[in-house]
Amino acid sequence: MKKIKSLIIGLGNIGMDVDYENNKKRLSHSSTIYHHRKFELIGGADIKKIQRKKLEKKYKKKSFKNYLDAIKITKPDLIVISTPPNTHLEIINNLGNFKKIILLEKPLSNNFKQAKRIASLINKKKLNVFINYFREYIPAFINIINTKSKLYHQCHINYSSSLRENGSHHLSLLINIFDNKKKIINIKSLKKGNKTKDAIINFSNGEIILVSNKIKNYEINNVKIINKNSFTELQLNPISIKASKIINDSNFKNGKVLCNIDKYSKKIKDNFFKHVYENIYNYINGKKFYKIPIEKVLRTEKLIDEIEKV
């Protein structure tokens, strides 16, 4: 089996540091690729010397200050871009007509205007780009979030850290429930922080209640999807799914109770990026794969812009 030669641009937190001291976890791109039997880590690029030295020390791979030099020398099959969002436009523009695969960290950018420019470049250059909203590549999640329904939905989001960098994961999971024909009626701001925002987003077929986690040193990241027939809870860290259908209560007239749906209620123990890389491998080898449409990514990031402006 030929391994996919992979180069990482950006050796910061998600590129390398998040699990640097833990050899058992696979939370960064470096660790995921290094331990993946179908991929080969061939190097990394970062402007910071200390990060380059860390890559060389742990993974025994060559590092570069200039990512264009790294690409020219290593000739990768896959480029992973895990630099800050405000650098993505310049990097995508400088890649020219790169013919192999690109895995681009989310969000596309720090604002919707630049996100549109990145999407335009991707389409114009016909670049093969996977966007790393990684939870969407989990098969059980795909089945739930891409199920079309005409029902009214109420969705609850609890997220930690930044709205754009973390809350975007949650909004992306829900955006297909409120498709392009379901226009935003109103966004009401509840509370605003430095990088966070609490809000209610009203669509013509439902609403999203968005609440940032205010508990110090404890992260709550989940999504609850409710309609008249079902209740689904997606825990995003650690990853798990619990789905229930709503049935009549035999004890109380007109009452309703939850009945567990075993086929969806499960814990997902795999590392964060496993399914992303499996889909990239399948794409390269002509097998069935899933790829988030760039149009869906833009809808998510446009919604974030609109929430931040309220």
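Residues are numbered from 1 along each chain as its sequence is written, and side-chain values use heavy atoms, with hydrogens and water left out. Because the model is predicted, local features need pLDDT of at least 70 and side-chain atom pairs count only at pLDDT 80 or more, while totals for chains, interfaces and linings use all residues.

Helices are DSSP runs (H or I) of at least four residues and strands (E) of at least two, numbered from the N terminus. On the H5 side the contact, meaning heavy atoms within 4.5 Å, is formed by Phe 112, Ala 115, Lys 116, Ala 119, Ile 122 and Asn 123, which meet Ile 294, Leu 298, Glu 301, Lys 302 and Asp 305 in H9.

Phe 112 is buried, with a relative accessible area of 16%, where buried means under 20%, exposed over 50% and partly exposed in between, for a 1.4 Å probe and protein chains only. Although Phe 112 and Asp 305 are 193 residues apart along the chain, their C-alpha atoms are separated by 6.3 Å.

The buried residues of H9 include Lys 296, Glu 301 and Asp 305 as well as Ile 294 and Leu 298. Lys 296 is also touched by Glu 136, whose other contacts, again not counting residues up to four places away, include Ile 142, Leu 173 and Tyr 290. Glu 136 is found in the loop between strand E6 (128-131) and helix H6 (139-145), and is buried, with a relative accessible area of 1%.

The largest nonpolar core has 87 residues, of which Leu 78, Leu 95, Leu 108, Ile 208, Leu 234 and Ile 307 touch the most other members; such a core is a set of buried Ala, Val, Leu, Ile, Met, Phe, Trp, Tyr and Cys residues joined through side-chain atoms within 4.5 Å. Ile 307 is also one of the buried residues of H9.
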